[in-house]
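Trainee: Please take one part of this model and go through it closely, in connected form, saying along the way what each term stands for.

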Amino acid sequence: MITRRLLGDGGILVLVAVLLAAAVLVPLANLAMPEGSALHIGTSSVQLFGKYLAYAMLALSVDLVWGYCGILSLGHGAFFALGGYAMGMYLMRQIGARGVYANPVLPDFMVFLNWPELPWYWYGFDQFWVAAIAIVAVPGLLAFVFGWFAFRSRVTGVYLSIITQAMTFALLLAFFRNDMGFGGNNGLTDFKDIWGFNIQSAETRSGLFAATALMLAGALLVCRFVTRSKLGKVLVAIRDAESRTRFIGYRVEHYKLFVWTLSAVMAGIAGALYVPQVGIINPSEFSPANSIEAVIWVAVGGRGTLIGPVIGAVLVNAGKTYFTGALPEYWLFALGGLFVFVTLFLPKGIVGLVRSRAGRKSEVAGGIAGGVAADEASAAAEAGVAAKPQAAE
Amino acid sequence: MPPKTRLATRPASAVPAAALATLLATLLALAALILGPSAARADEATLRPLVAALGTATGFDALEQAIGALAATGDPLAAPILEALSAGDLQIRKADKQVVLVRKDGATTIAIDPLTGAALGELGRRDAEKIRVNNRIRNAIQAANAALTLRSPDAAVRAAAAAEMFRASDPSMAAPLAAAMADERDPAVKAVLEEAWSAAILKSDAPEAEKLAAIAVLEARGDRDAMGILAGVAASGTGAVPEAAAAAAASIDSALAVWGAAQNVWYGLSLGSVLLLAAIGLAITFGVMGVINMAHGEMVMLGAYTTFVVQEIIRTSAPELFDMSLAIALPLAFLFAGGVGVVIERTIIRWLYGRPLETLLATWGLSLIIQQAIRTIFGANNREVGNPSWMSGSFELGQLSITYGRLWIVVFALVVFAALMLAMRFTPFGLQMRAVTQNRRMASVMGIRTPWVDAMTFGLGSGIAGIAGVALSQIDNVSPNLGQSYIIDSFMVVVFGGVGNLWGTLVGAFTLGVVNKFLEPYAGAVLGKIFVLVFIILFIQKRPRGLFALKGRAVEA
């Protein structure tokens with residue numbers, strides 16, 4: 001019963017509380033505890049956890065569209081990376097004259113490429129508020145335009161997945177170009193300061209971790225609000241039976257467009273939190289493989305739940321950290337196996353598994369019934385896009 | 001004041017006699033080669049005073065005259081002597097003031113008679129003195145030599161010399177070229193000579209009629225070089241000749257634009273055939289079965305590695321079969337990739353029918369596993385796959401340059417497509433496949449084993465990806481990432497062409513290929529590709545089911 005409650009709807013509040021506590025305790029453990037103490041957390045671990053939480057936020061944004069609205073995006077990494085680039089531009093401008101070429105205005109790579117002056121889209125990025133607007137507006141605007149076209153003409157299912165992948169691939173190619181003015185192949189790196197604090201110092205790292213934890217907690221609350229509202233119910237209805245929802249009279253494309261844009265903004269913020277912690281942003285963040293990896297975090301944790309993606313992102317990335325350190329050869333085997341295993345045996349992820357176990361127990365005790373049946377019904381409904389040979393037999 | 005010679009050699013006494021003997025023998029053999037039977041040889045007696053004149057000439061003007069006199073004999077022997085002069089190897093022996101050819105071999109310097117090739121003994125450090133040349137003399141030697149090679153008995157040498165002169169288009173060469181043209185018997189060489197002569201005459205102050213004839217010749221040549229020369233003439237002033245040149249240049253320019261477009265179409269067809277090969281298997285699994293196979297690119301990669309393994313085995317055990325390696329690899333790649341496909345279908349995909357998004361994720365996972373497995377077995381580096389002799393080389397078609405490798409791949413893609421269409425249309429398996437696609441339950445009721453058809457269809461799609469890999473191994477790097485680079489393009493082709501329609505795939509592949517190649521000159525390769533991707537994203541909005549969408553009940557089947 002406890003696990004069920006923890007992983008159920010009430011669990012979000014518990015998770016939010018855990019994140020708030022972590023936002024305070026982890027920096028304390030890092031800064032206040034003496035090194036060697038059992039309670040001490042190293043700066044590199046703080047940085048690593050912060051990275052996981054940024055990934056968790058990306059996973060949450062993927063889950064919001066996939067788990068609740070049935071839109072499988074294979075291009076959310078693009079929004080993540082755009083947010084990251086906006087943050088990276090701010091951090092680049094903060095370097096000032098401390099770059100290799102000591103140019104007070106132009107970032108190093110522009111001096112290297114003999115650019116006479118700053119391109120117009122770099123103006124204002126020395127101010128954080130401009131960058132903050134860009135972090136929200138750029139991914140949001142791209143998602144809005146993309147979604148407006150896609151949903152209006154009823155591109156659904158795998159077609160949508162494939163064109164989102166094409167979108168991120170196109171951006172990948174674009175950002176590799178030096179002419180784009182975003183550092184080409186090398187991207188943006190060698191950051192020095194953020195808000196006047198040294199980006200390498202333990203205090204800043206702890207601060208960034210706390211900010212990420214708080215933002216993630218906020219995102220969870222926003223998602224909880226959205227999914228529990230009437231709008232959230234319509235989203236689930238669209239996921240399960242899009243045509244029927246449309247026929248009842250809901251403007252399906254408006255709902256989709258809203259949640260899609262919201263999700264992109266969340267992904268952008270996650271990217272902006274990610275960049276100062278890892279210290280680099282380059283075009284490889286746009287690669288389709290990254291976006292698909294984010295999808296598997298959601299699948300592992302359990303889509304259609306808010307707590308699942310956070311668990312999935314942290315678990316899979318902790319696994320990645322372990323494997324790439326200890327057994328680098330086998331990481332891709334493990335990741336690939338995870339994709340296959342989860343889709344075949346854990347269609348509802350870890351959270352779904354725990355819930356259905358707990359559900360079965362309470363079913364015996366006369367509690368809620370049909371959890372598993374509902375799962376299957378929604379899985380079948382999702383499939384409505386293409387031919388379903390086996391199911392039809 | 002005699003110039004100082006810089007012979008960096010040690011005294012002759014340091015060299016063992018035996019080594020010297022071998023050296024002399026080699027040199028004699030070499031000389032015999034040079035002096036082999038040749039046509040139009042002037043008498044040695046005529047040549048010798050001319051060669052001696054090179055040594056006695058004082059001042060560069062006299063030297064140039066001596067060079068001209070030697071070249072005027074038209075003797076093939078003159079060419080190597082003049083080359084040696086240009087290289088500074090023609091020297092004057094101080095002892096008898098004889099002009100000798102020096103050859104350095106390690107520590108020894110040997111004097112050779114420039115005409116007979118007979119060794120005249122060793123030279124010490126200060127025994128000889130270089131005949132000095134400057135750049136003007138070198139140019140004169142080059143021109144003289146070109147004129148000499150125009151008389152070479154070898155037609156290929158004559159043609160190459162004429163082509164060289166066309167590029168130089170030196171007005172002073174007009175006369176020797178005209179003379180050579182008159183004597184030429186080979187029509188191909190004669191044509192080249194005529195072009196070179198035209199280029200030279202246009203730079204000279206020849207009469208107008210001759211120039212106009214030359215312009216006509218260059219217009220007939222019709223390539224970029226000819227256009228450059230004509231444009232130069234056209235810009236030189238006014239009158240009949242520049243006007244004619246301008247008109248000819250314009251006509252070449254428009255012809256070249258057509259050829260350029262044709263070249264782009266050809267490149268586009270070539271790219272399109274590669275896309276077609278990669279996408280056609282996907283069109284079967286995605287279009288016919290509704291299965292998203294993200295591991296499709298890895299099937300292509302497996303086919304390429306099959307080719308690599310076949311070639312390795314042939315290299316070690318039966319090198320004479322190398323030209324057959326692709327023919328051997330084709331069925332093996334088809335069976336191997338197809339077999340892997342059947343296994344994947346039976347173990348994973350059949351549990352996921354009707355859940356396309358899950359299929360997508362599971363097959364993506366498979367693609368990671370297959371890639372890493374190949375990386376573990378073969379390493380992450382590119383593997384060398386050789387081209388059989390019939391795949392290499394190229395030929396010219398007008399102004400088009402067509403490589404055999406690309407040509408064969410276009411042909412191969414079309415053959416594979418035709419074979420697949422015929423198999424779908426006329427074989428029992430094709431019939432069953434179409435029946436299952438159109439109405440699964442009815443097909444099942446009629447006794448078709450639908451699960452077996454599913455497995456075989458998936459195997460067929462994968463097998464075709466495998467043979468695409470054999471073709472791609474010829475033009476792309478064979479690495480574990482080979483498939484990744486094609487998967488997105490292949491999806492674009494299938495989605496653009498229309499799912500469930502192989503004709504759509506054909507049209508889609510060639511359209512995208514040609515559009516891509518037409519955009520490249522204006523936008524660059526990367527930007528062109530981005531444009532194509534954006535175009536497809538927008539196109540999908542307009543026609544969500546592709547160019548050739550299935551209509552009616554088939555859509556919902």
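Mentor: Domain bounds come from an automatic or database domain assignment. This is a predicted model, in which local features need pLDDT of at least 70 and side-chain atom pairs count only at pLDDT 80 or more, while totals for chains, interfaces and linings use all residues. Residues are numbered from 1 along each chain as its sequence is written, with chains lettered from A and ligands numbered from 1 in the order in which they are written.

For chain B the assignment gives domain 1 (12-139), domain 2 (152-237) and domain 3 (262-483), and the C-alpha centres of domain 2 of chain B and domain 3 of chain B are 51 Å apart. The part to look at closely is a sheet of chain B, an open one of five strands in the order S4-S3-S2-S1-S5 with antiparallel pairing, where strands (E, at least two residues) and helices (H or I, at least four) are DSSP runs numbered from the N terminus, and two strands pair if DSSP finds at least two bridges between them. Strand S4 (119-122) and S5 of chain B stand at the edges, each with a single partner strand, so that one side of each has no neighbour in the sheet. On average, and with direction ignored, neighbouring strands are turned by 40° against each other, axes being lines fitted to C-alpha atoms (for helices over the stretch in contact) and angles running from 0 to 180 degrees between N-to-C directions.

Within this sheet, S1 (residues 90-93) of chain B pairs with S2 (residues 99-105) of chain B in the antiparallel sense through three bridges, and Ile92(B) stands opposite Val99(B) of S2(B). The two strands S1(B) and S2(B) make a hairpin with five residues between them, and in its turn Lys97(B) has a positive phi of about 60°. Strand S1(B) is also joined by three bridges to S5 (residues 128-130) of chain B, again running antiparallel, and there the bridge partner of Ile92(B) is Glu129(B).

Over residues 35-40 of chain B pLDDT stays under 50, and the model has six contacts for them beyond four places in sequence. Where pLDDT is low, the predicted coordinates should not be read in detail.

For the complex as a whole the predictor gives an ipTM of 0.81 and a pTM of 0.72, and 50 residues of chain A are in contact with 43 residues of chain B. On the side of chain A that touches chain B, the largest share, 14 residues, comes from H7(A).

Terms used
pLDDT is the predictor's confidence in each residue, from 0 to 100. Two residues are in contact if their C-beta atoms, placed from the backbone, lie within 7 Å.
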